Amino acid sequence: MTALPPTTTVVPPAAPSGARRHRRAAIGFLAPFLAAFTLFYLVPIGYAVYQSFFKVERQGTFGVAHDVWGGFSQYGEVFSDSEFWHSLTNVAQFFLISVPLQLGLALVFALLLDSPVLRAHRFFRLALFAPYAVPGVIAALMWGFLFSPGTTPIPSIADRFDLLGPDLVMFSIASVVNWVYTGYNMLIIYSALKAIPSEVIEAATVDGAGQLRIAWSIKIPHVTPALVLTGVFSIIGTLQLFNEPQIFRTISSAVSSTYTPNMVVYSTSSIPNYHLAAAYSVVLALITCALSFTFLKVTQRRAFQ
Amino acid sequence: MKSTSTIDRTRLRDRPVSVLAATLFMLACTAYFLLPLWWMVVASSTTRGGLTDTSLWFHGQFELWTNIKNVVTYQDHIYVRWVLNSIVYATLGATIGTLFAAMAGYGLAKYVFPGREVVFNVILAGVLVPATALALPLFLLFSKLDLTDTFWAVLLPSIVSPFGVYLARIYAAASVPDELLESARLDGAGEFRAFFTISTRLMAPALVTIFLFQFVTIWNNYLLPLVMLQNTKLYPVTLGLATWNSQKAIAGNLQLYVVVGALLSIVPLMIAFLALQRFWQSGLGEGGVKS
């Protein structure tokens, strides 16, 4: 009964110069990050937006190319480009086959690691998190060997199913991505679980709640913000998919150079048509922003009360 | 008396069956997560250049050490260079990035000032920006400054971690008690002194987490060096291995070198995780208010 967390907090008396002191200290703490953020995030983004309003014009067929103001003409091209929209439907499908499993497993792993039901916590936590130490590019190379009939150590699977063919290649890439990121998401949820005051869990135990009940009624509601966060990161990560499919392109003819939106941007810029690539990037960023914001809004009431 | 017996019964009820089920489930999942890592060790020990005869257990001669020696010495030790580059990029970038992110997150958590939420939301929006949308304009801007194909072209953009700011803000708000800061102020400590002597210690698990994640992000980065670098001597190990992989049709042993090189390249990160794990195990600031 006495195990409830202490809720009383001492409110410090407001100092007369508190507001000014706060402002000066805040500027000091924020300045280094904001300077770097401006130089390496805001300026390039601004530059991309600026570039997207130009287009290349040539005098005659083989004339010298030069940039002229194009207004929204590049955006017109983006919206009429079926390859770009096709790449978006690809990542939408990818999201559906990858993310529910990835986050579901991450939550189950985190809950098990946090419960007294599981032994050898350290081993399991490290083992499940270990793939995160493998860069996406390298994970894709490795799984590429494992999936290829010529190099696979398990021929009975790779021979029977065409894991790199048009029907299954998306599942194969999804399993690479899930392999790398499930442990990462597990850790985010796990640290949220660690932040639950032990008094709350003790109180529930004293009241006779079992581990499942504690997980369902206390832990999961408590980690909902972390789940929302991992959800947002999964949306962003899926829309930005590049490394894994780019590597799979070298081993599977089912992955085109415009398989994902980021690959469309990259291949367009290396043609090179930088202005069109910039317009693609801007549209992609806006779509990412809109989706993440919508997701946050829909889940916000549950996540942040 | 009644409540203690309830605990005992709960514990007894929870244990035997669920312990077994949970452990079996975790073992099955762990097998899947460790299988490719294990395969890398086995495949790296084969003698065959083309990896056409791999399995999940060692067979034939055990050639791991020879293979490692070959990879390390290939093309005038370029592989060692790549690993060192990755270590420098990731260590420097993550250290500066963690410091900046921790300060910014702490500033946002502990000080009230006009425009705070606007600044925070702009930073958070930075997480949403596609990698290509940053890498390509950065390349154009850096080429105007003659900075492409340099060490700085990869390092400088890596020091920004919007997600780190987010994490630092949440953690600072939860783990650094205002009462403690107030008493530090009463004792005459300045804001920065309070941050560096008291708050960073309470935020240690978050700082390690930010460092680790930023380190991994930089270590894993492929697109930015791909866009920025021409000089193979500046490559990080990811770009180097991807380059070898794209040349594997030309040179027979490269396929094996990719696997051995990949295995070697993940060792430093594994060591970092093992060395730092005790820091992200439990919240060090938990007892801060009570004592």
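This is a predicted model: local features need pLDDT of at least 70, side-chain atom pairs count only at pLDDT 80 or more; totals for chains, interfaces and linings use all residues.
User: How many residues in the contact of α2(B) with α9(B) are nonpolar?
Analyst: On the α2(B) side, the residues that meet α9(B) include V83(B), I87(B) and A94(B). Across from them, α9(B) brings residues such as L207(B), F211(B) and W219(B). The contact has no charged residues and six polar ones, while the number of nonpolar residues is 13.

User: How do the helices α11(A) and α4(B) lie: roughly parallel or oblique to each other?
Analyst: Here a helix of chain A packs on a helix of chain B, with axes 9 Å apart and an angle of about 20°. N262(A), V265(A) and S269(A) from α11(A) meet A131(B), T132(B) and L136(B) from α4(B). Angles under 35 degrees count as roughly parallel, so α11(A) and α4(B) are roughly parallel.

User: How much area do chain B and chain A bury between them?
Analyst: The contact involves 104 residues of chain B and 95 residues of chain A. On the chain B side, M26(B), F33(B) and L128(B) lose the most area to chain A, together 8% of what that side buries. Carbon and sulfur atoms account for 77% of the buried total, which is about 8,900 Å².

User: How many of the ten residues of helix α11 of chain B are buried?
Analyst: This helix spans residues 237-246 and is mostly covered. Its buried residues pack against α5 and α10 of chain A, and also against α2, α9, α10 and α12 of chain B. Among those buried are V237(B), L241(B) and W244(B). The count of buried residues is eight.

User: What is the relative accessible area of T238(B)?
Analyst: T238(B) sits in helix α11 of chain B. Leaving aside neighbours within four places in sequence, T238(B) is in contact with P135(A), V137(A) and I138(A), as well as W219(B), N220(B), N221(B) and Y222(B). Buried means under 20%, and T238(B) is buried because its relative accessible area is 0%.

Technical notes. Residues are numbered from 1 along each chain as its sequence is written. Chains are lettered from A and ligands numbered from 1 in the order in which they are written. Side-chain values use heavy atoms; hydrogens and water are left out. Buried means under 20% relative accessible area, exposed over 50%, partly exposed in between (1.4 Å probe, protein chains only). Helices (H or I, at least four residues) and strands (E, at least two) are DSSP runs, numbered from the N terminus. Contact means heavy atoms within 4.5 Å. Axes are lines fitted to C-alpha atoms, for helices over the stretch in contact, and angles run from 0 to 180 degrees between N-to-C directions. Angles under 35 degrees count as roughly parallel, over 145 as roughly antiparallel, 65 to 115 as roughly perpendicular and the rest as oblique. Buried area is the accessible area (1.4 Å probe) that two parts lose on being put together, summed over both. Ala, Val, Leu, Ile, Met, Phe, Trp, Tyr, Cys and Pro count as nonpolar, Asp, Glu, Lys and Arg as charged, and the others, Gly among them, as polar.
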